[in-house]
Amino acid sequence: MNMDTPDLKHFLPLTPAAFNILLALADGEKHGYAIMQTITMRTGGEVRMGPGTLYGLIKRMLADGWIEELDERPDPALDDERRRYYRLSDLGQRVAAAEAERLARLVAAARQQGLLPTKGRAILLGLP
Amino acid sequence: MKPDFVSKSVSPSPASRARALVLSDRVYRKLLAAYPVEFRERYGPEMAQVFRTCCRLTYRSSGTGGVARLWLPTLWDWAWTVGRERFSALFRRSMMSDTTAFDRQAGDMVWSLVTGLLAGYDLSQVIKAISIQAPEPTASAFKRLHADLNAGLSLERGLANILKAVPSKYLKQVVAVIEEQRKSGGHLPSMLEPLIDGILQQVPSDGSFYPAMRQEAQDLGAQVPERAREK
């Protein structure tokens, strides 16, 4: 077994909620409410996560080693001491990247099938 | 689109604000009691705090009506996730009852680990072999461990995961020996071998996979550790 090239396929595809949490943590550690807020902002309100969904996924991601809980709060002076902060682990980053690549391949396939405008046209139209 | 709490602003009286928020907080904390105790104790305070923050900001922007509207998705989220967490706790309990079956295979499992290591295979190869050849529930536990290692999880994390799923005291002993060996060094098969007879004395093997593994080891010409009753 080659441990240098981990097989991430059995984690994929991620649910939209799980991928959104990993994306929210990609730019640094956050507490639960900040994760929710980032997801709501990023998706323009399309994905709204309740506390049950958020912490159910946080529990699973901690168990699978995708995220880690910080021992210390980033800025204790400005923050509520009951808050816990989470950050992406190396494995979590690799899982998120693998999911992003999977989605990019799907988008490329959709483009090839004419379901989406070509890249150049998309830029002109201001589409992703 | 901005979330509700930043789109507009209303200024309700402090008394009604306090009432709406206190009531919401109280009801939500009562609802948290429906989650399994382990989940509730670990995440309940954080969930309550997140919900309190949502209520406060929604109230600031949309008043009592906004808080009332917030309750609908919150109740849906609560019902769905209570069901999911309860099911997951039930599944864990059924894994616990599997622990008895796992224990009856534990002596054979350690014997297989030792035999595989003595035959010159590395630990991950032996784990894979056990995941393929052992009967349930040992096979599932080792399949999960093998998948975790394959995905890049550390051995320590993978072992912790199977211990969580199968809280067997014998598996705990094996994990302790592996961790000790990784920390301080030493010959792992020799460190594991004394566990075999100890486990078999307490829990006799169910005989479900030892004969086949022994035959295969002998066919491969591997050194086969003796067990007390065979000495």
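Predicted model: local features only at pLDDT ≥ 70, side-chain atom pairs only at ≥ 80, totals over all residues.
Residues are numbered from 1 along each chain as its sequence is written, and chains are lettered from A and ligands numbered from 1 in the order in which they are written.

Reader: How many helices and how many strands are there in chain B?
Author: Helices (H or I, at least four residues) and strands (E, at least two) are DSSP runs numbered from the N terminus. From the N terminus on, the elements of chain B run α-α-α-α-α-α-α-α-α. The count for chain B is nine helices and zero strands.

Reader: What share of the residues in chain B is buried?
Author: A residue is buried if 20 or more other C-beta atoms lie within 10 Å of its own, exposed if 12 or fewer, and partly exposed in between, with C-beta atoms placed from the backbone. Chain B has 231 residues, and the buried share of them is 32%.

Reader: What does helix α5 of chain B reach from its first C-alpha to its last?
Author: Helix α5(B) covers residues 138-150 and has 13 residues. The expected span is 1.5 Å times one less than the number of residues, which gives 18 Å for α5(B). The helix is close to that expectation, reaching 18 Å.

Reader: Which residue with a positive phi follows α5(B)?
Author: Among the buried residues of α5(B) are Leu149(B) and Asn150(B). The helix is followed by a residue whose phi is near 100°, namely Gly152(B).

Reader: Which element gives the most to the side of chain A that touches chain B?
Author: Two residues are in contact if their C-beta atoms, placed from the backbone, lie within 7 Å. The contact takes 27 residues from chain A and 30 residues from chain B. On the chain A side, the elements that give two or more residues are α2 (32-42), α3 (51-64) and α4 (90-112). With seven residues, the element that gives the most is α3(A).
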